[in-house]
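User: Hi! I would like to learn how to read a few features of a structure, one at a time. Could you take me through this one?

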Amino acid sequence: MSVLSEFELIERYFRHHGQSRRDVQLAQGDDCAVVKTTPGTEIAVTTDTMVAGVHFDDKVPARALGHKLVAVNLSDLAAMGAEPAWLSLAITLPKADHTWLSEFSAGMHELAGYYHCQLIGGDTTRGPLTLTLTAQGLLPEGQTLVRHGAKPGDWIFVSGTLGDAAAALAAQRDDLEISSAGQKKLEERLFYPTPRVSLGQALRGMATSCIDVSDGLAADLQHILKRSEVGGRLFLTQLPYSDTLNTLSLEQKRHYALHGGDDYELCFTIPEEMRGSLETALTHSGVDITCIGQIDRQPGLRFFDGDNEVTASGLGYQHFGMATL
Ligand SMILES: [Mg+2]
């Protein structure tokens with residue numbers, strides 16, 4: 001028996017542990033992984049990188065890093081309506097810390113396994129901690145959810161609640177005062193986001209546009225407006241908050257919901273005539289959605305508090321040192 005190198009050992013953590021997909025012809029062990037495609041199916045591909053010291057610090061548990069790396073990629077697949085299928089991991093590590101590796105890989109395998117998604121290959125190198133994952137998902141031909149299809153009159157929806165992850169970061173930096181129980185709940189959302197995979201697939205054929213909220217609702221919704229060449233009104237009083245966020249001031253929770261990011265909820269547009277079908281389709285999905293605005297022709301995103309239009313300064317951006325937004 002040959003002696004395994006340190007990095008051969010590491011690669012063992014990233015062999016697929018669960019049930020293998022039938023469409024995987026070859027996974028680890030050859031120069032490439034090989035997967036089988038079926039006629040009428042398109043493949044959505046996305047990559048995300050997380051760099052230590054840039055995207056996360058040492059407060060983040062290794063298990064959460066593994067979960068989040070998979071979650072952010074699956075969230076991009078969800079935004080396109082794709083069904084997750086295959087993952088490839090490129091991991092750069094300063095050293096082989098086996099406790100860290102077993103926690104990190106467990107976090108990855110748990111979430112990937114839940115969505116029947118197989119890790120089919122990757123690369124391991126030595127260097128500053130950097131995690132890169134490519135996810136590929138399946139789409140029925142011609143049914144991709146895109147950013148450019150929103151039309152005047154469409155309703156703007158968002159899933160789940162907004163702002164928790166950003167509030168967790170603020171609490172960690174002592175920019176937000178909250179009970180330790182409250183901070184823990186917020187950190188759950190920051191460390192273990194839920195990609196809205198089944199919602200994305202349910203929206204195929206219904207939503208005229210869709211995006212996942214990774215950079216903050218206001219910024220991400222504006223991507224839809226720009227790509228669709230439309231404008232939109234956002235109803236501030238309709239923004240959905242968690243119970244924990246509801247303990248904050250109105251100004252604070254609006255700020256985190258609009259500009260926080262890391263929510264990994266889906267923001268999408270639905271034509272009036274599809275609203276009934278949308279409610280029926282989501283009855284059993286277990287995901288709450290909220291109508292938060294409407295698309296119109298006037299360029300840009302405008303904020304309304306009841307009937308009154310609110311300017312950016314009225315939203316208190318400066319108060320949070322965000323005047324550059
Ligand atoms: Mg995205």
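Predicted model: local features only at pLDDT ≥ 70, side-chain atom pairs only at ≥ 80, totals over all residues.

User: Is His67 buried or exposed?

Analyst: The general idea is to compare the relative accessible area with a cut-off: buried means under 20%. His67 has a relative accessible area of 11%, so the residue is buried. Setting aside residues up to four places away in sequence, His67 touches Gly107, Met108, Leu111, Phe191, Tyr192 and Pro193.

User: How do I read the packing of two helices?

Analyst: A packed pair of helices is described by two values, the angle between the axes and the distance between them. Here, take helix α2 (residues 62-79) and helix α3 (residues 98-114): their axes come within 7 Å and cross at roughly 35 degrees. The crossing of α2 and α3 is right-handed. On the α2 side the contact is made by Ala62, Arg63, Leu65, Gly66, His67, Leu69, Val70 and Ala71. From α3 come Trp100, Glu103, Phe104, Ala106, Gly107, Met108, Glu110, Leu111 and Ala112.

User: How many residues of the contact of α2 with α3 are nonpolar, polar and charged?

Analyst: The contact of α2 with α3 divides into eleven nonpolar, three polar and three charged residues.

User: Now a strand residue, please. Where is Asp48, and which residues does Asp48 touch?

Analyst: Asp48 lies in strand β3 (residues 41-51). Not counting residues up to four places away in sequence, Asp48 touches Leu69, Val72, Asn73, Asp76, Leu131, Thr132 and Leu133. Asp48 and Thr132 are 84 residues apart in sequence, yet 5.7 Å apart C-alpha to C-alpha. Asp48 is partly exposed, with a relative accessible area of 23%.

User: What should I look for at the level of domains?

Analyst: The domain assignment gives domain 1 (6-140) and domain 2 (155-320). Their centres, taken over C-alpha atoms, are separated by 27 Å. The contact takes 23 residues from domain 1 and 17 residues from domain 2. UniProt, in an unreviewed entry, also lists residues 29-138 as "domain: PurM-like N-terminal". Over residues 29-138 the chain is 32% helix and 38% strand.

User: Where does UniProt place the feature "binding site"?

Analyst: The unreviewed UniProt entry places that feature at Asp215. In the model, Asp215 is found in the loop between β8 (209-212) and α7 (217-228). Leaving aside neighbours within four places in sequence, Asp215 is in contact with Asp220, His259 and Gly261.

User: What about backbone angles: what is phi of Glu229 and of Tyr264?

Analyst: Phi of Glu229 is near 55 degrees, a positive value in a residue other than glycine. Phi of Tyr264 is also near 55 degrees, again positive in a residue other than glycine. Glu229 is in the loop between α7 and β9 (231-235), and Tyr264 is in the loop between α8 (250-259) and β10 (266-270). Glu229 is exposed, with a relative accessible area of 72%, whereas Tyr264 counts as buried at 8% relative accessibility.

Terms used: Residues numbered from 1 in each chain as written. Heavy atoms only, no water. UniProt positions renumbered as here; feature names shortened; annotations may be inferred. Helix = DSSP H or I, 4+ residues; strand = E, 2+ residues; numbered from the N terminus. Contact = heavy atoms within 4.5 Å. Axes fitted to C-alpha atoms, helices over the stretch in contact; angles between N-to-C directions. Left-handed = near helix turned anticlockwise from the far one by under 90°. Nonpolar A, V, L, I, M, F, W, Y, C, P; charged D, E, K, R; others polar. Buried < 20%, exposed > 50% of the residue type's maximum accessible area, 1.4 Å probe, protein only. Domains from an automatic or database assignment.
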